[in-house]
Each structure stands twice: as structure tokens, then as C-alpha cells.
Amino acid sequence: MKPALLIIDVQNQMYESGPDTAKSLNKAIESINDTIAFFREKEYPIFCIQHLHPENNLKPGESGFDVPEHMAVLPSDEHIHKRYENSFNKTALMEKLQEQDIDTVIDETLAEL
């Protein structure tokens, strides 16, 4: 088994939903960071998948697009930008997983808090 961690849609824009969402997001990021630490220790790959929606200012260069500063994702981790709900739809994700012989994915998604 060769796993990869997929961190999906954890972006600053989520903080704009209000204080309760922000509190939940911060708690979830603690858990995500623990998972990231485990994957780094085992030298397993980490993929950060960000939703791209330029019409709503969800694009590179806009703060809402970025991952929260306190999330342990690194620039050296694989970054994938997606336009659809499905992270595999019209992205390079499957190709990148196949290139690294990944056969198992662990999904950290926060689409609904």
C-alpha cells in the first residue's frame, strides 16, 4: 500500500462564513496538521487541492484562495487547482497519483463544516 493525503478545499474563504465556522475550521486544521505530520514522518506524499472560482475572487493572488497560514501545507507539497466539485475532474490529480504509484488516498475535506 502506498498512500497519499489529499487536503481538499481548506481555504481562507471559509473563515468568511462566520465565527462558528472559523472555530470549527481551526479545530479541523489541528486534526489535519496531525495527519500531515504523520504523512511527513512516513515520507508519504501530500496533495493540497484548492478550489478555483475566479468569478468569486477565489483565485491565486486573492487571500480567500490561500490555505490558512497555520495549516502545515508546504510549497513543496503537490498543489492542484480545481474548478469542479470532483478533484479528479479536469485536473492532473490522477496523473500525479499514478506517477507516484499511489494506490490509496486519505481525504481531508471540509466542504461542509
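1. Arg40 and Asp77 meet through their side chains in a salt bridge, 2.7 Å from N to O. Arg40 belongs to helix H1 and Asp77 to the loop between strand E2 (46-51) and E3, so the bridge ties together parts 37 residues apart in sequence. A salt bridge here is a side-chain nitrogen of Lys or Arg within 4 Å of a carboxyl oxygen of Asp or Glu. Helices (H or I, at least four residues) and strands (E, at least two) are DSSP runs, numbered from the N terminus.

2. A note on the basis. This is a predicted model, in which local features need pLDDT of at least 70 and side-chain atom pairs count only at pLDDT 80 or more, while totals for chains, interfaces and linings use all residues. Residues are numbered from 1 along each chain as its sequence is written, and side-chain values use heavy atoms, with hydrogens and water left out.

3. Exposure of the Arg40 pair. Arg40 is partly exposed, at 30% relative accessible area. Asp77 is buried, at 9%. The cut-offs: buried is under 20% relative accessible area, exposed is over 50%, and partly exposed is in between (1.4 Å probe, protein chains only).

4. How many salt bridges does the structure hold? It holds three. Another one joins Asp9 to Lys82, with the closest N and O atoms 3.2 Å apart. Asp9 sits in the loop between strand E1 (3-8) and H1, and Lys82 in strand E3, so this pair ties together parts 73 residues apart in sequence. Asp9 is buried, with 14% relative accessible area. Lys82 is buried too, at 0%.

5. The surroundings of Lys82 deserve a look. Strand E3 covers residues 78-82 and includes Lys82. The Lys82 side chain also makes a polar contact with the side chain of His51, at 3.1 Å. A polar contact is a pair of N or O atoms within 3.5 Å; within protein, one must be able to donate a hydrogen and the other to accept it, and residues adjacent in sequence count only if both atoms are side-chain atoms. Leaving aside residues up to four places away in sequence, Lys82 touches Ile8, Asp9, Ile49, Gln50, His51, Leu52, Ser87 and Thr91. Contact means heavy atoms within 4.5 Å.

6. Lys96 and Glu78 form a salt bridge through their side chains, 3.5 Å from N to O. The pair links distant parts of the chain: Lys96 is in helix H2 (residues 93-99), Glu78 in strand E3, 18 residues apart. Lys96 is partly exposed at 24% relative accessible area. Glu78 is partly exposed, also at 24%.

7. Helix H1 runs over residues 19-41. Its 23 residues should span 33 Å, and the end C-alpha atoms are 33 Å apart, which agrees. The expected span is 1.5 Å times one less than the number of residues. Buried residues of H1 are Ala22, Leu25, Ala28, Ile29, Ile32, Asn33, Thr35, Ile36 and Phe39. An α-helix has 3.6 residues a turn, so residues three or four places apart point the same way. After H1 comes Glu43, with a positive phi near 60°.

8. Which aromatic residues form one cluster? Phe38, Phe39 and Tyr44 do. The whole structure has two aromatic pairs. Phe38 and Phe39 are edge-to-face, 5.9 Å centre to centre with 75° between the planes. Phe39 and Tyr44 are also edge-to-face, at 5.5 Å and 70°. Rings of Phe, Tyr and Trp (its six-membered ring) pair if their centres lie within 6.5 Å; planes under 30 degrees apart count as stacked, over 60 as edge-to-face and the rest as tilted.

9. Phe39 is buried at 4% relative accessibility. Phe38 is partly exposed at 41%, and Tyr44 is partly exposed at 27%.
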